[in-house]
Amino acid sequence: MKAKTREQSLSDSRELDGSYDQLTGNPPSSQSKKTIKQRFLKLLPCCQPSATPSVSQYSIEDDFELSTVCYRPEGLEKLLEQTKFTKKELQILYRGFKNECPSGVVNEETFKLIYSQFFPQGDSSTYAHFLFDAFDTQKNGSVSFEDFVAGLSIILRGSINDRLNWAFNLYDLNKDGCITKEEMTDIMKSIYDMMGKCTYPSMKETAPSEHVENFFQKMDRNKDGVVTIDEFIESCQKDENIMQSMQLFDNVI
Amino acid sequence: MAAGVAAWLPFARAAAIGWMPVANLPMPVAPTEKNKRQDELIVLNVSGRRFQTWRNTLDRYPDTLLGSSEKEFFYDEETKEYFFDRDPDVFRSILNFYRTGKLHYPRYECISSYDEELAFFGIIPEIIGDCCYEEYKDRKRENAERLMDDQEDNKDSKLPNMTFRETMWRAFENPHTSTMALVFYYVTGFFIAVSVITNVVETVPCGSSPNQKDVPCGERYTVAFFCMDTACVMIFTVEYLLRLFAAPSRYRFMRSVMSIIDVVAILPYYIGLVMTNNEDVSGAFVTLRVFRVFRIFKFSRHSQGLRILGYTLKSCASELGFLLFSLTMAIIIFATVMFYAEKGSTSSKFTSIPASFWYTIVTMTTLGYGDMVPKTIAGKIFGSICSLSGVLVIALPVPVIVSNFSRIYHQNQRADKRRAQKKARLARIRISKTGTSNAFLHSKRNGLLNEALDLTGSTEDERHHNKTTSLLESQHHHLLHCLEKTTTPSQHPPSFPLPQNHEFVDEHLYEQNCLEGALQNYTSRSPSLSSSGGLTGTCCSRRSRRKSAHLPNSAMSPGPPHGLQELSAVHIHRSDRPPLSTSRSSLNLMPDEAMRLNCKSGQITTAIISIPTPPGTTPEGDGHGPPSPSVQTTAGSSVVKVSAL
């Protein structure tokens, strides 16, 4: 009753309208709604749903389960074999990883959150999504420490070719071996999104697509509208700037 | 940047690989780490408790003490650790902040000590995590209020030069300040009571004369009541005018609630005086008399509980408003329902909806007078629902009001308790303060004693004793000594070999001086300052002081004015105590004894003897009796006025 701003007291009428869950303050999750039939059936002792009904997908309990599962990475020695990091580096990496994700795996939300901390001005969620897909080699929706370290090992300790391969893999959103214009446009847009609106000079709407055109002109040798891995690597090796910038990653850790 | 993500910076930098192939321009050069050192553990020793953490952990927040190079100031080369002389319990929270990125405020910790630690380590309290922030803010607010209360009490202390108006205002606001104020307070209270009782008794039927019906007392003894009323109103008017005169801000005073009540209380009388003869208006005049009952509110100046009640109601205005609103809603609903339910029944008292209001109110507040009762079944059902809901609606906001009242009341009680304890507290603080200043004066005497002993070549053990003062103390005393020397004016009479110093004296002596300063009229050299500081020596411009070190020297100089000094010098050199019982020094001995219990009996006592200043003036003719024994005047009693012996 006390000290509530007008907006708050007015908006709390949402409670009565049913568009607002009183306890959690969120819109009622559609996942936790069960059909009336299910509820009725539950009451009857004989009709306990033995087989999991198809409607109940992702309920709150599943969420809890995911967070209480503690995923342990494989041993340090195994990781040493698989990656090119030294023991100390792995230790440092793991400590940072575990600090932010005590459960041992990163899901996409956390990934996006972490990445957005580095780019406060723009919207980095799309690019983070692409990155997540690139790191999540096993396609299980979460990045474990092994995936994380494997990706980092290639980028930071791999040869130039490995790095270019990895970049290609990042661009190839559907992992079919070639980069189409649409994929490239998506990537480009996500990179420009990270810059945000407050730039000087301000970005035109057509800037990403122009950039994509530029890219394709450079990379697409046979002008077939897609860039394959060989075209990509070949073109990159010919470009001085790209080669030089690939060297940047030698000293990151 | 949050703590955890600082560790992810390498990842973010690695992820930039996605930009390289599409970039049109070459990338800037990356910063390299000059001395690439492996992450190492550092040891933080906080008052003996050792905390260890990675250096990188601390580097996450470079704008704090631990994250910046400021911690190098605390580095201990021998033990290769960083030593902080702070509270280790609070340090736990601070180190956890570096580790987890969240600063927590532990509930058991005192708010001001926590604030101090945060300030020391360079962490702003605003980053306290959401889980603990509310608690922190609440405690901080409470603390601030408490400090403000204390400060307000301090403001009551009497300043030496307050205008008459200010004194009067203070007297009005706080009756305990002076006897006059107390008298005034009680007199007004008495008259308020008298006035209220008069108003009440006026209406009581007062016995009847045989041909008339019962007559209220007011009409029977008109004159008497009128006189009483006049007297009370006069007193109130005078009080109001005095308050108006004394108020620091008249406009604000006139707008305040109490003054409005005052005005409303006395206005009917004057209005009545003005229009006694007009018949039509006298009806209105009678109504005005009702306002006389407002005089009872004047009691709120006299009763704190009443004030608290008023303040509570004011602060619970929103709850009260809610209560009123919900009651109104319920009344309207139920009145309507009851009206329509009872419409059918014959001879129903529920003639209209407004008429049903009365029934609803009486039922909801569970009064149930019974003057209106529903007769139909529907009416009875709805009536019962009405009474049940009434209980609920009223019961809901009431606890909020009650808890508010309780909180304010306890706060007030706490304030009163603190005020009562304050005197004792201040006295104790003053004792400890004078202890330090006495230590200074004492050591000064000892220091001078040393000089005196050097000059006269006395025994070893006396000298011994004075080495027990610590280095810190002696440095502090030296500092005060320097201050004295600094503020001494230059030499005035050329004939006098030694300057007269500006010296610290203790309170007792200062007060004595003030008293005597009024009595004496010899010129003085320098005003002496009281050691309690802060008070300008407005009255003590008459004294000057002489260190006893001068005495041996001046003992050598001839002349009657110095004869006294000789005598005092003699006293100093005597080592036997008992024969001195009748002399001045015995007065000195008593308190000194208390201080030096472990000394030999042959202790020489020093006396700072005050002597009238310039040569040629007659020494003061008055001695004075033994100083009043008090705990704080150990040095004071050793300062005696020299009487002509």
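Me: Which residue forms a salt bridge with A:Arg157?
Reply: This is a predicted model, so the distances here are computed from predicted atoms. In A:Arg157 and its partner, the closest N and O atoms are 2.7 Å apart, which falls inside the 4 Å cut-off for a salt bridge. The residue that pairs with A:Arg157 in this way is A:Glu89.

Me: How many residues apart in sequence are the parts that this pair ties together?
Reply: A:Arg157 lies in helix α9 of chain A, which covers residues 145-157, whereas A:Glu89 belongs to helix α6 of chain A.

Me: How many salt bridges does the rule find across the interface of chain A and chain B?
Reply: A search of the whole structure, taken over all chains, finds 22 salt bridges. Between chain A and chain B there are five residue pairs in polar contact, with both residues at pLDDT 80 or more. For salt bridges across the interface of chain A and chain B, however, the count is zero.

Me: Which helix gives the largest share of the side of chain A that touches chain B?
Reply: In the contact between the chains, 49 residues of chain A meet 40 residues of chain B, and the area buried between them is about 3700 Å², with carbon and sulfur atoms giving 69% of that area. The largest share on the chain A side amounts to seven residues, and these come from residues 87-100, that is, from helix α6 of chain A.

Me: By class, how many nonpolar residues has the side of chain A that touches chain B?
Reply: Sorted by class, this side of chain A includes six charged residues and eight polar ones. The nonpolar residues on the side of chain A that touches chain B number 35.

Me: Turning to chain B, what is the order of the strands in its open sheet of four strands?
Reply: Six bridges join β1(B) to β2(B), and these two strands run antiparallel. Three bridges join β1(B), residues 41-46, to β4(B), this time in parallel, while two bridges join β3(B) to β4(B), residues 81-84, in antiparallel fashion. With this mixed pairing, the order in chain B is β2-β1-β4-β3.

Me: Which strands of this sheet in chain B stand at the edges?
Reply: Two strands of chain B each have a single partner strand, so one side of each is left without a neighbour in the sheet. These edge strands cover residues 49-54 and 75-76, and they are β2 and β3 of chain B.

Me: Which residue in β4(B) is the bridge partner of B:Tyr75?
Reply: Within β4(B), B:Asn45 has B:Phe83 as its bridge partner, and B:Asp76 is bridged to B:Glu81. For B:Tyr75, the bridge partner in β4(B) is B:Tyr82.

Me: Which residue in the turn between β1(B) and β2(B) has a positive phi?
Reply: In this pair of strands, B:Ile42 stands opposite B:Thr53 of β2(B). The hairpin formed by β1(B) and β2(B) has two residues between the strands, and the positive phi in the turn, about 50°, belongs to B:Ser47.

Me: How far apart do the end C-alpha atoms of residues 221-242 of chain B lie?
Reply: UniProt, in an unreviewed entry, places the feature "transmembrane region" at several spans of chain B, among them residues 221-242 and 254-275. The span 254-275 of chain B is 91% helix and 0% strand, with end C-alpha atoms 26 Å apart. Residues 221-242 of chain B are 95% helix and 0% strand, and their end C-alpha atoms lie apart by 32 Å.

Terms used. Residues numbered from 1 in each chain as written. Chains lettered and ligands numbered in written order. Predicted model: local features only at pLDDT ≥ 70, side-chain atom pairs only at ≥ 80, totals over all residues. Heavy atoms only, no water. Pairing = 2+ DSSP bridges. Contact = heavy atoms within 4.5 Å. Buried area = accessible area lost by both parts, 1.4 Å probe. Salt bridge = Lys/Arg side-chain N within 4 Å of Asp/Glu carboxyl O. Polar contact = N/O pair within 3.5 Å; in protein donor to acceptor, adjacent residues only side chain to side chain. Nonpolar A, V, L, I, M, F, W, Y, C, P; charged D, E, K, R; others polar. UniProt positions renumbered as here; feature names shortened; annotations may be inferred.
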